[in-house]
Amino acid sequence: MEKPSMLREEMDMPDPLFPMKIHRCLYEKSGLTTFPNHWHAHLEFIYVVEGRARFTCNSQTYDAVPGDIFILNSADLHHGITLSERLFYYAVIVDPSLLHSRTVDAVEAKYIAPIASSRIRFENKISDDPLVRESLSSLIEEFFGKAFGYELAVKSWIYRLLTALLRHHVAVQFSPEEYSSRLRKLERIDPVLRHIEENYSRRLSVEELAAVARMSRYHFGRMFKELTDRSVTDYINFVRVNRCEYDLRHTDKTITEIALTHGFHDVYYFSRLFKSYKGVPPTALRKIN
């Protein structure tokens, strides 16, 4: 059996001597997946400039509007979809190696090493912090301006950004053992999440998914809930409903056709479930669009 591709995203940096990059991300249709469920070892900052989106970080869901900033820590499992016809944001990705000191000084020992190893983790959403917003927007401006010495300016803004986050937005601190344990569990569950993405429209049993993870049903269910904050059934329905929402917005298929295509065989159950996830029934969403 071919080994499923992992959800850990490996990133190449354009300049190995200055390991960071910034993506301009533009989407012009609602209901699109901006990024599928994945995780990485880098630190990522998303700065929403225009439009609306919904980002899920470790299965905590956040609605995003212009001015919102999202912090994706190392090993945060994250997913995004557009909620407006036009969405634009910057994605700033920083390799922790850019921040390390060459000697073990107080800055390295107390702050940079714990951030780089994700023992210090930041809140995922920041909506109203002028210093965080100024630091990130100035960093982006310097990066794209490429004036002489821009690397110094970018790095200084990163440190200022981290200072603001450390003072006001630390969510949790992990021990090295806790962080290593989380990484091992994520690597174990990677093929399961990929398997769900590829097969969500058919019946998926907990036993089948536990077999993909090579775990007992009991231990698999506990670990899945711990990492995603959802039961297996809830997670599969979450994936199905998102696919249905896209078709409701952008196709002429009937509601029954959409439900059947994406794994729901009872249209009344689908309607109730859709409303519980999206706040409106599919008929109302279809009328709006």
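Rings of Phe, Tyr and Trp (its six-membered ring) pair if their centres lie within 6.5 Å. In this predicted model, F18, F88, Y90, F143, F144 and Y150 form one aromatic cluster. Two members of the cluster also have a charged side chain over the ring: R24 lies over the face of F144, at 3.7 Å from the ring centre, and K146 lies over the face of F143, at 4.0 Å from the ring centre.

Across the whole structure, 16 aromatic pairs are found. One of them is the stacked pair of Y27 and Y89, with 6.2 Å from centre to centre and 25 degrees between the planes. This pair links distant parts of the chain, since Y27 belongs to strand β1 (residues 20–27) and Y89 to strand β8 (residues 87–94), 62 residues apart. Both Y27 and Y89 are buried.

The count of salt bridges comes to 14. The table gives three of them.

| Salt bridge | N to O distance |
|---|---|
| D68 and K125 | 3.7 Å |
| R121 and D76 | 2.3 Å |
| E208 and R202 | 2.6 Å |

D68 is buried, at 5% relative accessible area, whereas K125 is partly exposed at 26% relative accessibility.

R121 and D76 are both buried. R121 lies in strand β9 (residues 120–122) and D76 in the loop between β6 and β7 (78–82), 45 residues apart.

E208 counts as partly exposed, with 23% relative accessibility, and R202 counts as partly exposed, with 37%. Elsewhere, salt bridges that share partners join E28, E50 and R86 into one network.

Definitions and conventions: Residues are numbered from 1 along each chain as its sequence is written. This is a predicted model: local features need pLDDT of at least 70, side-chain atom pairs count only at pLDDT 80 or more; totals for chains, interfaces and linings use all residues. Side-chain values use heavy atoms; hydrogens and water are left out. Rings of Phe, Tyr and Trp (its six-membered ring) pair if their centres lie within 6.5 Å; planes under 30 degrees apart count as stacked, over 60 as edge-to-face and the rest as tilted. Helices (H or I, at least four residues) and strands (E, at least two) are DSSP runs, numbered from the N terminus. Buried means under 20% relative accessible area, exposed over 50%, partly exposed in between (1.4 Å probe, protein chains only). A charge sits over a ring if NZ of Lys or CZ of Arg is within 6 Å of the ring centre and within 35 degrees of the ring normal. A salt bridge is a side-chain nitrogen of Lys or Arg within 4 Å of a carboxyl oxygen of Asp or Glu.
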